[in-house]
Amino acid sequence: MRLLARLIGWLVLCVLLVSVFSSYYQVQREKRDSRKELSKRAEVLADSLQDNLERLLHRHNKAELQRLAQRFGNKEHLLGISVYDRQSQLAVTPSLAGRIAERPPVLVKAARENDGRGQFLRLEGVPVYYYAQPLHDDEGGVAGALLVVHDASYISTAQARAWRDMSVRALAQMGLIALITVVMFQRSVVAPIARTAAWMRELRNGRTPGHSGLAESDVLKPLANEAHNFARSLAAARASAEHEARLRADGESSWTAQRLAISLRTKLRGTRLFVISNREPYMHTRQGKTLQTVVPASGLVTALEPILRACDGTWVAHGSGDADRETVDPHHRLRVPPEDPRYTLRRVWLTRQEEERYYLGFSNEGLWPLCHIAHTRPTFRAPDFEEYRRVNAKFAEALLSEMAGVEQPIVMVQDYHFALLPKLIKQARPEARVGIFWHIPWPNPEAFGICPWQRELLDGLLGADLVGFHIEAHCDNFLETVDRVLESRIEWGRRTVNRGSHTTTVRPFPISVVFPEAVEETGRKNMHAQQAELLNGMGVEALYLGLGVDRVDYTKGIVERLLGVERFLEKYPQYQEKFSFVQIGAPSRTNIKRYHDFLEEVQATAERINARFRRDQWQPVIFRARHHSHAEVERFYRAADVCLVTSLHDGMNLVAKEYIASRHDEEGMLVLSPFTGAARELPDALIANPYDTERLADAIFQALDMDPRERRQRMRHMRRAVQQNNVYRWAGDLIGHLCELRVEAPAPARSRTAGAAAGAESEVAVEELVYQLHDPGALGGGSHQVNAVLHGG
Ligand code: G6P
């Protein structure tokens with residue numbers, strides 16, 4: 001309240017000062033104008049009398065002069081006139097007789113200077129205006145003078161009135177301002193703060209109140225945003241604490257964001273976590289004047305984002321959005337997530353050629369089909385691999401500069417885009433703990449053997465201290481490939497590879513998703529309401545909803561899935577006009593012809609099936625070929641009676657786990673391909689071979705026709721599996737394992753003491769890499785140190 005009083009005090013003072021100054025100026029101006037007008041009037045009167053008076057003066061007609069003087073008195077502020085010859089007063093208006101001096105100084109001055117003269121003065125204490133005009137004889141000499149006397153008191157009266165009006169006006173203004181200030185302050189500050197205090201009290205008492213009330217005031221908006229973030233974090237922390245307590249009571253232990261954060265803090269021992277992937281977690285794009293933030297469709301992003309949030313690390317990734325450069329600082333960094341910054345994203349820029357050859361070419365036309373074995377022939381081109389090397393070195397350079405000054409950092413390299421990176425990093429920073437996680441399958445040695453650069457890739461990967469895959473089968477395939485291709489000592493029981501003084505451990509870490517807690521459920525619609533709303537929105541009438549969610553990729557078995565849906569409608573016609581299948585398909589890598597053709601193939605298959613079965617408002621297949629936000633996909637997950645994951649080959653497949661994690665209602669059923677990593681953890685799903693169309697059709701029928709109790713029981717088991725093995729466990733296990741490995745001391749030639757040497761080493765390495773990046777020829781020669789690294793020397 002003191003603040004309010006002070007505010008009002010200042011406002012009133014300001015208004016008062018402005019009023020006083022402006023009124024003073026106005027009053028003075030009016031006074032000047034009135035005086036000017038009065039003197040003008042006196043002058044005009046004197047001029048009009050002059051001829052007449054000079055004639056009477058010449059004749060010494062005193063009686064006539066006195067009569068004239070009598071006529072001018074007391075009208076329009078005129079007090080009267082007085083006429084003089086050279087010696088004495090000849091005539092005077094009676095009301096002035098005896099009141100004015102014998103010869104007032106202004107009269108003397110006018111006669112002396114032979115010109116009209118005026119003067120404001122006081123007569124018996126009353127303000128008056130004297131105007132003296134010389135009167136002439138026939139020769140033009142001064143024979144006498146006329147004095148015109150006006151009452152000037154009305155000017156002071158007007159002045160006083162103006163001051164009084166001003167005071168009243170200022171008072172009214174000040175009162176109004178004070179009133180408005182009090183009301184505004186009350187409404188925009190006091191009331192929202194009072195409401196927020198009540199809101200915080202509710203929050204403290206464990207309830208989840210709606211709105212803080214701060215947002216209604218523009219001034220307090222930043223505070224409101226922070227308060228809401230704060231409330232969200234508190235609610236999440238509380239939910240997770242409750243959840244842990246529940247699990248402890250049930251004798252179980254599960255991983256939560258908090259537990260991961262604490263575990264990472266202990267394990268990182270003050271050092272930092274660095275993650276490198278090709279795909280970035282937040283892309284900025286421009287839509288006309290507005291900047292949009294897109295979270296790309298990527299299982300890798302889905303899994304890693306919560307981990308970076310939990311430990312405030314640095315994520316190095318390709319800046320692929322068309323507005324990405326607009327949103328970074330001069331060091332190419334930004335804090336993300338944009339609405340609640342928790343960690344650093346460092347963007348690396350690629351040229352068009354680098355993107356074409358390293359990303360589209362070697363990574364996605366070579367390694368992707370090579371590892372997936374989904375009947376698309378891998379394409380290997382030497383220039384693509386050359387670019388792959390160069391881009392690996394470019395990312396190594398960026399990462400090493402981010403790591404400068406950080407002692408014993410933990411580095412998690414992600415995926416098949418960076419097989420050469422682990423060795424580059426270890427070479428420069430031997431004391432860093434480097435892990436690489438391969439998010440896609442690793443095929444058998446025969447299949448991998450067709451890659452012309454398999455030695456180099458394996459050598460790069462074995463630079464890591466830890467190599468992770470989703471499942472044991474991929475670890476075994478990898479070890480067998482190493483065994484066939486490189487000189488090494490493999491300990492099969494411990495799954496380690498020894499080469500020289502370096503040991504690489506190979507382990508399965510089944511990746512997963514966040515398992516949201518039930519506390520978020522409040523206010524959610526049930527499956528049928530959600531389903532009706534979504535189908536309505538798409539203009540389709542149906543009773544059952546099937547769902548597929550994928551990047552449009554030939555490994556995902558989307559066409560096989562649609563054939564399964566077609567066969568299902570054919571074999572179980574009672575579901576015609578009742579069952580609709582929604583395929584959400586994020587277009588992906590469409591610059592590659594195979595992907596472009598595949599998108600068209602899916603489209604054509606959907607259209608063919610629709611043309612065959614469609615009736616009135618019912619449509620069997622709805623293909624939504626566009627990017628969907630996580631929230632949009634969630635709505636479909638919650639509405640679907642059955643979700644089909646029919647990959648021809650998949651490292652894990654997180655759609656299967658996301659669908660299960662979304663089903664708090666324990667409804668819905670999952671049809672799952674046995675060729676996914678997820679199938680090993682989810683035996684309660686309906687496992688169906690996507691190449692077996694008949695089986696797929698039956699699985700859809702089984703899912704819809706299943707006894708509700710059995711369905712719920714299967715869903716409950718699957719939910720428990722995903723809850724137990726959530727993404728925090730994955731990260732905790734993976735990073736925990738990496739932190740516990742014994743990392744060999746750097747070789748004597750490179751080491752001084754670990755920390756100091758680390759900085760110096762990294763500088764040398766960064767210089768080398770820069771040299772190599774700017775001198776492509778260096779890659780071809782065999783003598784260069786980094787070149788040797790890249791070539792497995
Ligand atoms: C797979 C890969 C990821 C990749 C994602 C999306 O999940 O393992 O590394 O990010 O596909 O593909 P994209 O090429 O769009 O990044």
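How far is an oxygen atom of the ligand from an N or O atom in the side chain of Y359? Select both and you'll find 2.5 Å between them.

Before we go on, a word on what you're looking at. This is a predicted model, with residues numbered from 1 along each chain as its sequence is written. Local features need pLDDT of at least 70, side-chain atom pairs count only at pLDDT 80 or more, totals for chains, interfaces and linings use all residues, and side-chain values use heavy atoms, leaving out hydrogens and water.

**Stop 1: the ligand**

Stay with the ligand and show what surrounds it: 13 residues, each with a heavy atom within 4 Å of it. The closest are R279, S298, Y359, D415 and R589. Now click on R279, where a polar side-chain atom lies 2.9 Å from a ligand oxygen atom. Do likewise for R589, and the distance reads 2.8 Å. The protein covers 91% of the 370 Å² of accessible area that the ligand has on its own (Shrake-Rupley method, 1.4 Å probe).

Next, colour helices α7 (299–311) and α8 (352–372): each supplies at least two residues of the shell. Helices here are DSSP runs of H or I with at least four residues, strands are E runs with at least two, and both are numbered from the N terminus.

**Stop 2: R589 again**

Zoom in on R589, in the loop between β19 (579–586) and α16 (593–613). Its phi is near 45°, a positive value in a residue other than glycine. Most residues other than glycine have a negative phi. Is R589 buried or exposed? At 13% relative accessibility, R589 counts as buried (buried is under 20% relative accessible area, exposed over 50%, partly exposed in between, with a 1.4 Å probe and protein chains only).

**Stop 3: R495**

Now select R495, in the loop between β15 (489–491) and β16 (496–499). R495 also has a positive phi, near 55°. R495 is buried because its relative accessible area is 15%.

**Stop 4: a cis bond**

Hop to V336 and P337, joined by a cis peptide bond with omega about -5°. Most peptide bonds are trans. P337 sits in the loop between β10 (333–336) and β11 (343–348).

**Stop 5: two helices**

Pick helix α10 (residues 421–428): seven of its eight residues are buried, including L421, L424 and I425. Then go to L179 in helix α4 (residues 153–204). L179 is exposed, with a relative accessible area of 55%.

Methods:
Polar contact = N/O pair within 3.5 Å; in protein donor to acceptor, adjacent residues only side chain to side chain.
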